[in-house]
Structure formats: C-alpha cells, structure tokens
Amino acid sequence: VDAAGQARFDELIAADSRVEPADWMPEAYRRTLIRQISQHAHSEIIGMQPEGNWITRAPSLKRKAILMAKVQDEAGHGLYLYAAAQTLGITRDRMTQQLIDGSAKYSSIFNYLTPTWADMGSIGWLVDGAAICNQVPLCRASYGPYARAMIRICKEESFHQRQGFEILLALSRGTAEQKAMAQESVNRWYAPALMMFGPPDDASPNSAQSMAWNIKRFSNDDLRQRFVDMIVPQAEILGLTLPDPDLRWDEETGHWNYGDLDWDEFREVLRGNGQANALRVATRRAAHEEGAWVREAAAAYADKRKRKVA
Ligand code: 3HC
C-alpha cells in the first residue's frame with residue numbers, strides 16, 4: 001500500500017473534497033466505483049427499451065417527439081457514465097461485453113414490461129422521479145467524473161419526470177377508460193419503483209463503505225422515504241390512488257409510512273427471472289451485433305486518418 005497516497009486520499013475524503021482520476025485511490029474504492037457507475041450506465045442504456053417500445057405507437061406527434069427526445073437523453077446519460085467509468089481503467093468493450101453476456105447488473109425496474117401507453121407516464125413520473133431522488137445526492141459523490149456526469153444528467157431528468165406526470169394528468173382528466181388505464185399502470189409501477197432504491201438498509205452490504213467514502217450520501221431507506229413523501233401529494237393532484245393500503249401519514253415522524261415491499265420479487269428480478277430480463281439483454285446483444293459494421297468502419301477510417309498524418 002502507498003502510505004502517502006492513502007494519507008492523501010483519507011484527507012480528501014475527510015475534507016469532503018473530490019477524488020480525480022489521476023489521484024491515488026484504494027483498489028476497493030476504484031472497484032466499487034466501477035461496479036456502481038457501470039451498472040448505472042447499463043441502466044440508462046437498457047432503460048431506453050421499455051420506452052422505445054412506444055415511440056412508433058405514441059398517440060400524437062407531440063408525444064412521439066417528446067418520447068424520442070427522452071430516449072435519446074437516456075442514451076447520452078449512458079455515454080457520460082460509461083466515459084466516467086472508463087477513467088477508472090475499465091474499457092467500454094469490457095463493460096458492453098458484461099452487459100450482453102448477462103453478467104452485468106442494471107436497475108431492476110427496466111425488467112418490467114410496458115403493455116400500455118400509460119406506462120410511459122408511470123415511467124416518467126415514478127421511475128424518473130425515483131431516479132432524481134437517487135441521483136441528486138450523487139452530484140456530490142466524492143469521485144469527480146461521476147459527480148460531474150450526474151449534474152448534467154439531473155438537469156435532463158427533471159424534464160423526464162415532468163413529461164411523465166403530464167401524460168398521467170392528461171389521461172386522468174380524460175375519459176373513464178383513460179383514467180382506468182392510468183390507474184392500472186400506476187398499480188403496476190408503484191412497488192417496483194420503490195425497490196429501485198435498493199434493499200432495506202439492514203440488507204445493504206455496500207452502503208456502509210459507500211457512505212464512508214462519500215459515494216452514497218443517504219441510505220437506501222432514507223431516499224425511498226423521500227420519494228414516497230414526494231409522490232403522495234402528487235398522486236392526489238393526479239386524482240390517482242397509490243396501490244398501498246398501508247400508506248398513512250405519521251404525525252410523529254412527519255413522513256408517510258408505506259407497506260412492506262416484496263423483496264422476494266426483487267431478488268428474483270436480480271437473479272434474471274423478471275418479466276423482461278432475457279428480452280432486454282437479447283435486444284441489447286442484437287443491437288451490438290448489428291452495429292458491428294459501424295464500429296469496424298469507424299475504426300478503419302480512424303486508422304486511415306492516422307496513417308495519413310504519420
Ligand atoms: N437494481 C439492480 N440491482 C440493485 C438494485 C436495483 N434497483 N438495488 C441494489 N442492487 C444491487 C446492488 O448493485 C448490489 O449488488 P452488487 O454488489 O453486485 O452491485 C446489491 O443489490 C446490494 O445493494 P446495495 O444497496 O448494497 O448496493 P449499493 O450500495 O450499490 O446501492 C444503488 C444500490 C442505490 C442502486 C446504488 O448502486 C446507486 O445509487 N446506483 C447509482 C444509481 C442508479 O444506478 N440508479 C438507477 C436508476 S435508473 C436510471 O438512472 C435511469 C433513469 O434515467 C430512469
């Protein structure tokens with residue numbers, strides 16, 4: 001171990017300063033950042049699929065244009081995050097390989113299917129809403145490239161959340177069938193969105209170390225609670241009910257108590273047995289294989305340019 005390096009690193013963390021790619025860092029710090037940032041990047045890229053499913057079937061040109069813009073944003077978020085992970089020494093190819101061979105994790109939420117248009121509203125309002133709660137604190141993560149990527153991503157995420165809320169508001173104020181479609185969708189997305197924040201704190205093996213290194217600023221349960229407190233009043237404005245009979249205001253704590261979540265379902269989804277795990281990985285693999293000729297052409301062109309210059 002490089003004692004001087006460790007001392008400098010400890011000082012940076014104690015002073016809540018930023019660690020940059022050229023700084024010495026403990027191998028375990030590097031490894032957990034590669035783990036979290038690559039999974040975050042995979043989440044953004046896989047997250048394009050549930051919504052991509054509705055681009056050709058959006059109910060109007062306006063909705064189609066907004067959805068295309070959002071899916072393109074997610075691709076960009078994935079690229080920022082892969083680039084941030086690469087500053088830690090892992091290559092883009094290796095991360096892509098881990099995703100298409102099914103060994104990489106990505107957010108559980110994207111293994112749920114999107115059978116109705118209202119799911120585009122629930123994903124924007126609930127999934128992007130949860131992502132905002134989880135990502136805003138990450139703007140202050142101790143690793144510079146990750147924090148800076150987050151600042152850019154959070155600006156675009158708030159547009160994603162607002163357009164989802166607006167889709168549900170339009171449906172909820174529409175015909176009885178449209179309101180029923182919005183309610184049925186929220187019924188399916190509420191609990192999986194709460195599970196996005198990760199297992200309960202007493203079952204979260206990475207949290208203590210991540211918090212000690214100023215990567216994770218708040219615990220999984222704290223952020224989950226913040227999210228529930230945010231969506232309860234929003235659901236009232238939408239005129240939709242959250243599918244949780246145990247939801248109740250707690251005067252003591254000043255928070256909304258919510259019902260137990262199905263952690264067996266969560267573990268099954270992480271094990272690859274969700275509704276759409278195989279579909280999501282197969283779709284990503286097919287896109288990678290079909291895109292091989294573009295990568296080869298770009299590489300050949302870059303070599304030609306290099307030879308010309310040399
Ligand atoms: N989906 C898949 N895996 C999950 C998970 C989820 N929702 N929640 C936790 N896990 C995994 C963890 O990765 C860890 O496994 P690993 O050690 O093999 O990586 C295990 O379950 C135990 O969880 P921990 O709480 O100990 O792990 P972390 O300390 O890493 O906390 C986390 C999990 C809160 C998701 C954290 O990794 C994190 O904040 N990641 C960055 C944010 C992120 O990925 N958000 C995804 C949101 S979707 C998105 O961003 C797209 C948006 O634009 C819609």
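Trainee: What does Cys133 touch, not counting residues up to four places away in sequence?
Mentor: Cys133 touches Phe197, Leu223, Phe227 and Met230, where contact means heavy atoms within 4.5 Å. This is a predicted model, in which local features need pLDDT of at least 70, side-chain atom pairs count only at pLDDT 80 or more, and totals for chains, interfaces and linings use all residues. Residues are numbered from 1 along each chain as its sequence is written, and side-chain values use heavy atoms, with hydrogens and water left out.

Trainee: Where is the place of Cys133, and is Cys133 buried or exposed?
Mentor: Cys133 is in helix 6; helices (H or I, at least four residues) and strands (E, at least two) are DSSP runs, numbered from the N terminus. Cys133 counts as buried because its relative accessibility is 6%. Buried means under 20% relative accessible area, exposed over 50%, and partly exposed in between, with a 1.4 Å probe and protein chains only.

Trainee: Why does the end-to-end distance of helix 10 agree with its length?
Mentor: Helix 10 has 19 residues (220-238), so at 1.5 Å a residue it should span 27 Å, and its end C-alpha atoms are 26 Å apart. The expected span is 1.5 Å times one less than the number of residues. Just after helix 10, Gly239 takes a positive phi of about 75°.

Trainee: Switching to Phe159. Buried, exposed or partly exposed?
Mentor: Partly exposed, because its relative accessible area is 29%. Phe159 is in helix 7 and, beyond its neighbours within four places in sequence, is in contact with Ile66, Ala69, Lys70 and Asp73. The C-alpha atoms of Phe159 and Lys70 are 8.4 Å apart, although 89 residues separate them along the chain.

Trainee: Now the ligand. Which residues come nearest?
Mentor: Arg35, Lys105, Ser108, Ser204 and Asn206, out of 32 residues around the ligand; a residue is near if one of its heavy atoms lies within 4 Å.

Trainee: Which side chain has an N or O atom 2.8 Å from a ligand oxygen?
Mentor: That of Ser204. For Glu74, the distance from a side-chain N or O atom to a ligand oxygen is 3.0 Å. A polar backbone atom of Asn206 lies 2.9 Å from an oxygen atom of the ligand.

Trainee: How much of the ligand does the protein bury?
Mentor: Taken alone, the ligand exposes 1000 Å², and the protein buries 90% of that; accessible areas come from the Shrake-Rupley method with a 1.4 Å probe.

Trainee: Which elements give two or more residues to the shell?
Mentor: Helix 2 (27-46), helix 6 (118-135), helix 7 (144-172) and helix 11 (263-273).

Technical notes:
Polar contact = N/O pair within 3.5 Å; in protein donor to acceptor, adjacent residues only side chain to side chain.
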